[in-house]
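Hi,

Here is the structure I promised to pass on. Have a look at it first, and then read my notes below.

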Protein chains: 2
Amino acid sequence: MADVARRAGVSVSTVSYALNGTRPISAETRARIEAAMAELRYTPNIHARRLRGLQSKIIALLYPGRGRGIDISSLGYILGASDHAQSMDYHLLLWTTEAGSLASLRTLVGQGLLDGVLLMEVKMDDPRITVLTEAGIPFAMIGQTGRTIDVDWVDTDFDQCVHVALEHLATLGHRHVVFVNQAAPILETRLSFAIRAQQAAQTAAARMGLDLATVACDSTAAAGSSLINRLLDQDPQLTGVLTLNEQAAPGIMAGALTRGLRVPDHLSIVAIAMSEQAALMSAPAMTTVSPDEREMGRLGIELLINRLEGKPGAHTQKLFEGTLQIRGTSGPAPTQIS
Amino acid sequence: MADVARRAGVSVSTVSYALNGTRPISAETRARIEAAMAELRYTPNIHARRLRGLQSKIIALLYPGRGRGIDISSLGYILGASDHAQSMDYHLLLWTTEAGSLASLRTLVGQGLLDGVLLMEVKMDDPRITVLTEAGIPFAMIGQTGRTIDVDWVDTDFDQCVHVALEHLATLGHRHVVFVNQAAPILETRLSFAIRAQQAAQTAAARMGLDLATVACDSTAAAGSSLINRLLDQDPQLTGVLTLNEQAAPGIMAGALTRGLRVPDHLSIVAIAMSEQAALMSAPAMTTVSPDEREMGRLGIELLINRLEGKPGAHTQKLFEGTLQIRGTSGPAPTQIS
DNA sequence: ACGATTCGACTAGACGTTTCGACGAAGCTA
DNA sequence: TAGCTTCGTCGAAACGTCTAGTCGAATCGT
């Protein structure tokens, strides 16, 4: 910056004012400064900026979801968030450390590196929130906690998604349906979306008079396959599956197949919150009820940035409805059990 | 830091020395300082550190591969890189801006924010390398350029992968095989791995005396489906598919199915560099020849960090071999065309 | 017992920005 | 023309850390 100032024949402070428009600068001086900046390929140093108390333009995305393997739908959030952050001139730090290590989170925010934080994989009672609040760092969430707190968040409308999915199955004549959730250890951590979806499923099923069992399942195709075999042994009348488990879903289909059951002739499968890309990887393609993950990630960043830039107003909370995509895994319930 | 010093009854410099071990500190003083740091929950400020000329411990991961949609195998690199960076106490910045915008890359590295850069989606002649070299910032690559340059990189051994895959098909009796590559616009950008794999396929096929056509395909299931129909119209003797296109692969399978062809009875499909997770999403699961993406990402970061921390020695280059996973999409070539 | 050595701690810049206070030169009012 | 703004610019302090240069006190050899 000193070089630029020298070259333009002004002081460093003038360059700074020209850069930020903090004080008026004559057009002629400004032109000289800009020319000098271009010639020297000058870029302001972020560290010095932030050291002086300004924004670092760095946001951390907390994505601890490694226990579950990789969800393609999570990737949708990540890329949506990343794209929007970039277009708003923010940097996105991808932080994949496990949610449990609060000490390292405290270190991260204590470093003063970040302007704000976007949380993913929110738990019903998420201790990270305490850490962030104590540190006084702004944050927003993709997902919500159990108690409604005054924070910006976006979340999938599980009540609506589950309702639409079950209604689709009910309309097709299915009466015995199972809800295949995430793995048991995951549920024990009270991962918000899994708990929420399960509650929604039970409520909706009761209202519709469906016979709905709920069951946990590891996030692998193998687990899905053995699970569906066990379930069909238990309840031969089972004709419908509702699942929140992106990775077990193909296994469920494969498991039915090995039993001689065809999808969707004998067994219908509907996935909620499964990304389109994952849905199209199976044959037949999966019927889903899913929100737009990219858009959710985008809005999460937008809400956070609004907060960072001091836009006034109350905290924003938005539920995203899912749209029913009828693909190849759902069909009329068989009239006779084969 | 001043607070810590005051509380421990020493000067700030002494705290700094204790923190970095730059100069000897008496055990007793050190204990007092550490106690004070713990009580005050002190974390050093990264910006001030870097401003003084030290490392910021921030690495950018350049992942511009958005044109192709999302590859699950790319996600493997990203998570492998992220995990290792975190375990080495580095921050990972996810940079998804398109590869073409060199100006914004120049700005990124000019900000002085980064210690180093890890490149993904390397092109045969990648202009980003010039930018990074000019900026004098250390970098490593996942993938290699056309000309061998003196840089740290990790890459898939496409010669080996393609060889193993084609040999598998040849052993099963397939003679007419098609290589389904990435989309044409992608090939035009001379994306390194696509070019490299195609060359490898042609060489290996010639050596084995296989009839191998090569064809580009958009990264969607629909494109894969219509493509395989067209190909089978053209060459009814076609019985084997080798593909580098993770997203088109399920479409190829579905397309064959709609023609009344069963996989693998009538048509065999082998995917290279497809992630295990993607392979398990289709039914039957996909036969693949793939390297360990997580490990590649991990090593990419390791090489970069070695460079950053001034470990001497020549640049390291490592090719990762793929292992053949025979799953459900490859089988003996039909003796009679049905 | 005295000078040399070592050990432990301190003082004072420096890194690259932003911003407060000041100041000269105009332009205005009366 | 004297006094007031307004405009454009400058000098200097501050942000939090690291480190070169010092310096007193303790230890050691002779």
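**What I found**

Let's start with one helix: the buried residues of α8(A) are Phe158(A), Cys161(A), Val162(A), His163(A), Ala165(A), Leu166(A) and Leu169(A). "Buried" means that 20 or more other C-beta atoms lie within 10 Å of the residue's own; 12 or fewer makes it exposed, anything in between partly exposed, and C-beta atoms are placed from the backbone. Element names come from DSSP runs, numbered from the N terminus: helices are H or I with at least four residues, strands are E with at least two.

Before going on, two notes on the files. This is a predicted model, where local features need pLDDT of at least 70 and side-chain atom pairs count only at pLDDT 80 or more, while totals for chains, interfaces and linings use all residues. Residues are numbered from 1 along each chain as its sequence is written, and chains are lettered from A and ligands numbered from 1 in the order in which they are written.

Back to the helix. α8(A) covers residues 158-171, and its 14 residues reach 19 Å from first C-alpha to last. That is close to the expected 20 Å (1.5 Å times one less than the number of residues). Its buried residues pack against β5, β6, α10, β8, β9 and β10 of chain A. After the helix comes Gly173(A), with a positive phi near 100°.

**How the two chains meet**

A rotation of 180° with 0.0 Å of shift along its axis puts chain A on chain B, with an RMSD of 0.1 Å (least squares on the C-alpha atoms of residues with pLDDT of at least 70 in both). That is the relation of a two-fold axis.

In all, 38 residues of chain A are in contact with 37 residues of chain B, where contact means C-beta atoms, placed from the backbone, within 7 Å. On the chain A side, α5(A) gives the largest share, 6 residues. That side divides into 20 nonpolar, 15 polar and 3 charged residues. Here Ala, Val, Leu, Ile, Met, Phe, Trp, Tyr, Cys and Pro count as nonpolar, Asp, Glu, Lys and Arg as charged, and the others, Gly among them, as polar. The copies meet through the same surface, since 97% of the interface residues of chain A are also interface residues in chain B.

Most residues other than glycine have a negative phi, and most peptide bonds are trans. Asp89(A) has a positive phi near 70° and sits in the loop between α5 and β2 of chain A. With 10 C-beta neighbours inside 10 Å, Asp89(A) counts as exposed. Glu121(A) also has a positive phi, about 55°, but counts as buried, with 26 such neighbours. There is a cis peptide bond between Ala283(A) and Pro284(A), with omega about -5°, and another from Val263(B) to Pro264(B), with omega near 10°.

Cheers

Key
Two residues are in contact if their C-beta atoms, placed from the backbone, lie within 7 Å.
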